[in-house]
Amino acid sequence: MTLLYILAFVLLCIALNQLFQVFELSRDLRGEKLYKTTDSDNKFNGRAMLLFMFLFFGFFIWQVDKYSHRVLPKSASEHGNLIDGLMDANYVLVVAVFFVVNAFLFFFAWRYHGTKDRRAEYIVHNNKLEMIWTIVPAVALAFIIIFGLKYWNEIMKRNVDANPIKIELYAKQFDWTARYPGADNEFGIDSYMQIDGSNPVGLDTTDKRCKDDILVKNEFHIPVGREVVFQFRSRDIIHSAFMPHFRAQMNCVPGQITSFRFKPIVTTAEMRKDAHVIRNINEINEIRTKRGEDPIEFDYLLLCNKICGASHYNMQMKIVVESEKDYNAWIAKQKTFKTVASK
Amino acid sequence: MEHTHAAAIEGHNLHDHAHAHDHGDHHETFVSKYVFSQDHKVISRQFLITAVIMAVIAMVMSIIFRLQLAWPGEKFAFIETLMGRKWGKDGILDPNAYLALVTIHGTIMVFFVLTGGLSGTFSNLLIPYQIGARDMASGFLNMLSYWFFFLSSTIMLGSLFIEDGPASSGWTIYPPLSALPEAIPGSKLGMTLWLMSMSLFVVSSLLGSLNYIVTIVNLRTKGMKMTRLPLTIWAFLITAILGVLSFPVLFSAVLLLIFDRSMGTSFYLSDIYIGGKPMEQVGGSPILFEHLFWFLGHPEVYIVLLPALGITSEIIATNSRKPIFGYRAMIGSMLAIGFLSFIVWGHHMFMTGMNPFLGSVFVFTTLLIAIPSAVKAFNYITTLWKGNIQYTPAMLFSIGLVSSFITGGVTGIILADSTLDITIHDTYFVVAHFHIVMGLSAIFGMFAGVYHWFPKMFLRMMNKKLGYLHFWMTFLGAYGVFFPMHFLGMSGVPRRYYTNSNFPLFDNLMDINQFVTMCAIFAALAQVVFLINFFYSMFRGEKPSENPWKSNTLEWTNPVAHIHGNWPGALPEVHRWPYDYSKPGHTEDFVPQTVPLAHDEHDGGEH
């Protein structure tokens with residue numbers, strides 16, 4: 001069988017070789033230079049450029065129509081609205097530039113396709129034009145920079161709220177642990193030397209402030225309308241805490257504490273009633289039913305967003321945003337570090 | 001062989017024909033002519049063919065991981081055949097193998113194809129040809145540059161065949177992931193080989209770049225003022241300077257990582273508990289690595305992009321039959337881009353916990369790059385305006401580059417803004433952005449260069465019709481691959497995820513992933529068309545005339561042959577800038593650089 005394949009392959013090669021020789025012979029006999037572009041080549045490719053432009057723009061619009069309801073829902077955090085507003089403004093600008101500049105490119109590519117009887121114009125440069133297209137982008141960029149930095153400074157400001165909720169997110173391959181400071185509202189000190197089975201985040205057992213710290217896995221809760229200040233640590237390698245619905249992200253770097261803060265403004269329950277979210281969840285559930293899986297409900301997620309190994313894609317934690325009352329009831333039920341460690 | 005060097009230097013000032021005849025009686029063995037050759041034309045072909053092989057490997061890798069992303073859990077028998085039972089059991093890709101593929105795909109494409117391949121091929125081919133030199137300043141160093149590149153490529157490919165697999169912590173190899181063999185199998189021997197390979201790559205790049213700079217500065221022929229250089233040469237010069245200044249920093253980053261991995265130092269390590277025990281190494285910072293890496297990494301983007309921009313400047317002017325619009329502005333904007341590229345690296349690190357004020361500075365410098373970039377795009381478009389466009393395959397790819405440079409460039413404005421980066425950092429939005437603006441633009445530039453200068457490299461022509469087919473399939477396929485990724489990113493999908501459907505949040509995005517993968521397969525088929533055309537034409541393509549594109553630059557003034565020393569007689573003398581296309585007062589629509597200026601004629605480059 002293998003022999004047959006080899007034979008067929010060899011025969012095919014010989015046949016192709018013959019075919020090419022005929023082609024080359026006729027090419028050389030006619031003496032024309034096939035590589036030279038003819039008017040019909042130019043016409044064809046010029047038209048193809050214009051056609052491509054319409055296809056390309058059509059493709060863009062088709063995607064916006066088909067995919068834009070799948071993008072992240074409205075921001076669940078206060079600063080996220082600032083980001084979304086700025087993002088929309090930027091999109092308007094860059095989409096406009098995308099359309100206009102590409103249109104010029106493809107239009108000229110079609111309009112000035114070459115013909116034998118025409119000659120190009122000898123245009124070397126034009127100071128006025130060049131000034132315009134240096135200054136206009138510069139002014140537009142100035143606006144982008146000014147607004148970008150204004151919001152950046154607001155978002156990155158520390159200690160806005162005198163009495164925020166404090167949470168530490170602790171990353172390791174491949175899960176998250178959330179730590180609350182407990183009744184004293186202070187995190188105890190920690191040391192990676194003290195990590196063991198019953199002390200997964202390395203709390204210093206001699207530090208009194210650690211005793212009432214609360215460690216939770218799989219999901220953590222935050223109250224709506226309260227400022228939450230996160231600090232991030234990592235046990236092993238760089239991870240990144242990504243909370244897309246809250247427009248929040250920060251790397252978790254071993255040997256270093258990083259931080260980010262936001263104020264959640266939409267509870268999980270409210271978000272589940274959002275039209276955008278309902279549409280997406282219905283779509284997801286349709287797919288799941290087809291595959292014979294149980295339907296799901298919307299949840300906020302904390303994802304890992306820095307490559308961290310084999311299960312990077314599955315390193316996540318559920319976030320629940322609820323009323324302060326529900327939050328207090330939930331946190332009261334959680335075990336403190338002391339009760340965990342003494343077990 | 002050593003007189004290549006002498007002849008080249010001699011040729012600069014003396015235009016004597018004395019040494020013309022001693023090129024003839026030159027005895028070369030097969031090894032000295034084709035293997036350890038010091039001739040820039042041979043070295044350029046060596047770089048190109050190595051790069052083509054590397055590109056095919058990296059492309060096949062991308063198809064494998066795209067299949068996994070589109071149809072996770074589906075069995076593709078050929079994956080087991082290709083990857084072996086350990087990495088592709090039952091035709092399903094292993095998660096570690098996925099990360100390894102992503103890592104090596106990135107490494108090969110960025111360094112071996114678009115840095116080594118692009119600069120290596122075209123700087124070598126075009127610098128002596130276009131400045132009118134007999135060869136590079138040092139043929140010997142040039143030869144070493146290729147063989148270090150070859151060795152580096154061999155080690156990188158060799159790492160694919162070891163037991164624990166190749167490096168797999170992403171092409172940016174951030175420690176501690178890349179430093180700790182306990183964290184990921186790719187950080188065992190695979191990472192050691194990666195670091196060795198890249199160290200050799202840096203050596204290759206430096207030898208090449210220094211040679212390019214020296215050659216351009218010293219060996220220009222009579223009359224070839226800096227303001228008469230083709231934009232290709234300007235681009236190669238600036239690229240080489242960027243390489244010389246930034247690659248050593250990558251080397252130091254790599255060296256410190258080797259120390260951390262093998263000698264117990266802790267430049268990048270601190271407070272780590274892994275493999276069931278705390279590590280002894282304390283006091284380092286992984287962020288230091290990121291600073292060092294991106295100090296190379298960002299200029300690297302322009303090391304990849306500038307040669308492509310230079311190549312297309314030349315091709316667009318030639319085939320529009322018009323001078324490049326704003327020659328001086330083009331040089332100025334390349335210089336500005338080159339300078340700014342050194343002070344923007346922090347925009348890769350907004351989310352590392354870096355001081356937000358420092359972030360602000362990088363926002364400012366990064367967005368400034370948009371200005372020279374915009375100038376370049378507008379100048380290309382204006383060059384087409386009122387032209388008489390000849391659609392060679394090279395011209396198609398050049399226009400493709402301008403389009404991808406615009407389309408990918410505008411999303412850079414969003415990513416450069418630290419505020420907006422919070423939500424899209426490390427998502428597919430980034431993947432879409434850099435593949436379009438850097439990947440597509442640079443590879444389009446490379447294709448354009450191959451089609452345009454194929455007759456100089458192989459003394460044959462590529463088939464035009466297959467070139468058209470290649471371009472249109474690639475152009476359609478490539479946008480089909482990368483455009484929808486913006487929407488994945490806006491939906492919050494992180495990059496480097498083995499599957500997006502392990503938890504339900506992204507389940508409804510599967511059809512986007514499938515669409516992307518189908519486009520990727522389509523675009524890959526287009527490359528088969530290219531490969532057939534490339535290898536077929538190399539041996540059996542048409543014979544070209546001396547100046548097939550009616551171009552002005554010096555490489556088209558010598559006969560269709562590979563002459564040792566490039567020109568049979570004296571070196572050509574240059575009298576004008578290279579962009580006198582369709583100049584009034586001349587019968588032909590091109591005026592080669594060797595044609596003396598008429599009595600009352602102005603040189604176009606003097607503006």
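This is a predicted model: local features need pLDDT of at least 70, side-chain atom pairs count only at pLDDT 80 or more; totals for chains, interfaces and linings use all residues.

**Overview**

Of the 607 residues in chain B, 64% are buried.

**Overall build of chain B**

- The secondary structure of chain B consists of 17 helices and two strands.
- Chain B has a radius of gyration of 24 Å, close to the 25 Å that the globule rule gives for 607 residues, and it is therefore as compact as a globular protein of that length.
- The C-alpha trace of chain B extends over about 80 × 50 × 50 Å when it is taken along its principal axes.
- Among the contacts in chain B with a separation of 6 or more, 80% are between residues 24 or more positions apart.

**Helix α4 of chain B**

- Helix α4 of chain B runs through residues 77-87, and its buried residues are B:Ile79, B:Met83 and B:Trp87.
- These buried residues line one face of the helix, because they fall within an arc of 55° when seen down the axis of α4(B).
- The partners against which the buried residues of α4(B) pack are α3 (40-70) and α5 (95-131) of chain B.
- On the face turned away from the buried side, α4(B) carries the exposed residues B:Ala77, B:Thr81 and B:Arg85.

- B:Val402 lies in helix α13 of chain B, which covers residues 393-415.
- With 26 other C-beta atoms within 10 Å, B:Val402 counts as buried, because the cut-off for a buried residue is 20 or more.
- Apart from its neighbours within four places in sequence, B:Val402 is in contact with B:Ala377, B:Tyr380 and B:Ile381, and also with A:Leu105 of chain A.
- B:Tyr380 is 22 residues away from B:Val402 along the chain, and the C-alpha atoms of the two are separated by 7.3 Å.

**Helix α6 of chain A**

- Helix α6 of chain A (residues 275-290) has 16 residues, and the 23 Å from its first C-alpha to its last is close to the 22 Å expected at 1.5 Å a residue.
- The buried residues of α6(A) are A:Asn280, A:Ile281 and A:Ile284, and they are on the same side of the helix because they cover an arc of only 95° around the axis.
- The exposed residues A:Ala275, A:Asn282, A:Thr289 and A:Lys290 are carried on the face of α6(A) that is turned away from its buried side.

**The five-stranded sheet of chain A**

- Chain A has an open sheet of five strands with mixed pairing, in the order β4-β10-β9-β6-β7.
- At the edges stand β4 (219-223) and β7 (248-252) of chain A, each with a single partner strand, so one side of each is left without a neighbour in the sheet.
- From one strand to the next, the twist averages 25°.
- Within chain A, strand β6 (residues 239-243) and strand β9 (residues 300-304) pair in the antiparallel sense over two bridges, and A:Phe242 stands opposite A:Leu303 in β9(A).
- Helix α7 of chain A (residues 324-333) packs on the sheet, where it touches β4 and β10 (316-322) of chain A, and its direction makes about 140° with that of β4(A).

Conventions. Residues are numbered from 1 along each chain as its sequence is written. Chains are lettered from A and ligands numbered from 1 in the order in which they are written. Helices (H or I, at least four residues) and strands (E, at least two) are DSSP runs, numbered from the N terminus. The radius of gyration is taken over C-alpha atoms; the globule rule is 2.2 Å times the number of residues to the power 0.38. A residue is buried if 20 or more other C-beta atoms lie within 10 Å of its own, exposed if 12 or fewer, and partly exposed in between; C-beta atoms are placed from the backbone. Two residues are in contact if their C-beta atoms, placed from the backbone, lie within 7 Å. The expected span of a helix is 1.5 Å times one less than its number of residues. The arc is that of the directions from the helix axis to the C-beta atoms. Two strands pair if DSSP finds at least two bridges between them. Axes are lines fitted to C-alpha atoms, for helices over the stretch in contact, and angles run from 0 to 180 degrees between N-to-C directions.
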